[in-house]
Amino acid sequence: MELAEPLPWHAEAWTRLQAQIRRQALPHALLISGLPGLGKRRLAEQLAAALLCEAGRNELQACGRCRACRLLVQGAHPDLFVVTPEEEGRQVRVDQVRGLIDQLSLKSQYGGYRVGLIDPADRMNAAAANALLKTLEEPPPGVVLLLVAARPSLLPATIRSRCQQLTLSPPPAEQARAWLQAQATPGAEQLLGLAAGAPLRAVELHAAKVQDRWRALLATLQGLQAGRLGVVAAAAEWREAGRETVPLLIAICADLARWLAGGEGRYGEGERLRELAAALDLAGLHDYLELLLELRRHLEHPLNEQLLLERAFAGWQAVAGGRRPSGRQQ
Ligand SMILES: [Zn+2]
């Protein structure tokens with residue numbers, strides 16, 4: 001892990017945490033939540049580093065030079081235990097949580113805190129959450145558990161109620177833009193719109209060339225609307241972009257809805273939006289958005305992406321033709 005500077009939109013959270021560290025009143029379990037791209041994991045790692053740093057005990061910032069900090073950077077600190085799913089998108093399993101609990105029950109190697117970090121904690125399966133519960137109820141002294149979750153509501157209430165909650169919110173637009181510009185990320189406005197205001201997500205989207213995809217997807221929708229392009233071919237074309245396509249469609253629809261309601265599109269490409277919006281009515285668009293939100297829920301699970309995208313594009317063809325997007329293939 002890196003010992004990077006705190007992110008500017010974490011300042012308030014840091015101030016509170018620092019006060020708690022100084023008063024030695026840090027909770028034994030902290031649930032850090034917020035949208036993807038707000039730096040939840042980074043905050044958790046920085047807090048772990050601050051707790052384990054040997055130079056500035058009880059201070060906010062890790063020094064970056066002491067033995068503990070050097071080991072942390074190498075991912076080798078013996079008092080930090082990180083649990084993540086073994087494969088991306090999979091669950092955190094009960095044996096992983098049991099392993100963590102065993103390690104946290106040992107004595108600290110360096111005489112300070114022992115820190116357990118679970119990310120994403122909302123991917124713990126029921127047995128894993130159950131196993132953790134006992135440790136949350138009777139935490140060993142000197143143990144701090146950091147749970148990172150984009151969707152804390154998926155956690156059992158018994159877990160949530162035993163953690164202090166720290167919810168990160170998207171920064172004010174001005175601060176987010178300034179930060180992105182400092183990272184030399186162009187198109188900040190558009191990217192932040194797609195990223196629901198989450199700056200780190202905006203950087204990821206930029207890296208994934210999302211703006212090019214945005215334009216290409218508008219062209220696909222136009223092709224479908226005009227009957228130049230079929231649903232199966234469109235789905236095949238977008239299958240590679242996979243998980244990103246449905247969120248992009250949702251962002252486009254939100255823009256179209258704003259357009260229809262007399263506002264401006266937030267992402268540019270106004271000419272294309274006007275052409276697309278010409279055939280739509282707001283009620284149909286809302287139905288389509290519902291369909292897309294349902295499809296997005298299916299993205300959580302392994303799926304047939306071709307079929308899912310066919311449903312998405314068939315829905316668009318229906319709504320652009322003044323019909324209801326049933327979500328079923330026509
Ligand atoms: Zn240090």
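Student: What makes H12 roughly parallel to H15?

Tutor: This is a predicted model. In it, helix H12 (residues 245-260) packs against helix H15 (residues 305-320) at an angle of about 15°. Angles under 35 degrees count as roughly parallel. H12 is therefore roughly parallel to H15. Their axes are 11 Å apart, and the crossing of H12 past H15 is left-handed.

Student: Which residues make that contact?

Tutor: H12 brings Thr245, Val246, Leu249 and Leu256. H15 brings Leu308, Leu309, Ala312, Phe313 and Trp316. Sorted by class, the contact of H12 with H15 has eight nonpolar residues, one polar and no charged.

Student: How do you know how H12 and H13 are oriented to each other?

Tutor: Take the angle again. H12 and helix H13 (residues 270-278) pack at about 75°, with axes 10 Å apart. The range for roughly perpendicular is 65 to 115. H12 and H13 are therefore roughly perpendicular to each other.

Student: What meets what between H12 and H13?

Tutor: From H12 come Asp255, Leu256, Trp259 and Leu260. They meet Gly270, Leu273, Arg274, Leu276 and Ala277 in H13. By class, this contact of H12 with H13 has six nonpolar, one polar and two charged residues. Asp and Arg count as charged, and Gly counts as polar.

Student: Which classes of residue make the contact of H7 with H9?

Tutor: Ala176, Trp179 and Leu180 of H7 touch Pro199, Leu200, Ala202 and Val203 of H9. By class, that contact has seven nonpolar, no polar and no charged residues.

Student: Now the metal. What coordinates the zinc ion?

Tutor: The SG atoms of Cys53, Cys63, Cys66 and Cys69 do, at 2.2 to 2.4 Å. A donor must lie within 2.8 Å of the metal. In sequence, the donor residues follow the spacing C-x9-C-x2-C-x2-C.

Student: What does the pair Cys53 and Cys63 tie together?

Tutor: Both lie in the loop between helix H2 (40-52) and helix H3 (67-73), so the pair ties together parts that are ten residues apart in sequence.

Student: Why is the site of the zinc ion called tetrahedral?

Tutor: Its four donor atoms make angles of 105 to 116°. The label asks that all angles lie between 85 and 135 degrees. The ideal angle for four tetrahedral donors is 109.5 degrees.

Student: What makes the peptide bond from Asp119 to Pro120 worth a look?

Tutor: That bond is cis, with omega near -5°. Most peptide bonds are trans. Pro120 sits in the loop between strand E3 (114-118) and helix H5 (126-137).

Student: And what is the phi of Gln24?

Tutor: Gln24 has a positive phi of about 55°, although it is not a glycine. Most residues other than glycine have a negative phi. Gln24 is placed in the loop between helix H1 (11-22) and strand E1 (29-33).

Conventions: Residues are numbered from 1 along each chain as its sequence is written. This is a predicted model: local features need pLDDT of at least 70, side-chain atom pairs count only at pLDDT 80 or more; totals for chains, interfaces and linings use all residues. Side-chain values use heavy atoms; hydrogens and water are left out. Contact means heavy atoms within 4.5 Å. Helices (H or I, at least four residues) and strands (E, at least two) are DSSP runs, numbered from the N terminus. Donors are N, O and S atoms within 2.8 Å of the metal (3.2 Å for Na, K and Ca); water is not among the atoms, so sites may look incomplete. Four donors count as tetrahedral if all angles lie between 85 and 135 degrees; four count as square planar and six as octahedral if opposite donors are over 155 degrees apart and all others between 65 and 115; anything else is irregular. Axes are lines fitted to C-alpha atoms, for helices over the stretch in contact, and angles run from 0 to 180 degrees between N-to-C directions. Angles under 35 degrees count as roughly parallel, over 145 as roughly antiparallel, 65 to 115 as roughly perpendicular and the rest as oblique. A crossing is left-handed if the near helix is turned anticlockwise from the far one by less than a right angle, and right-handed if clockwise.
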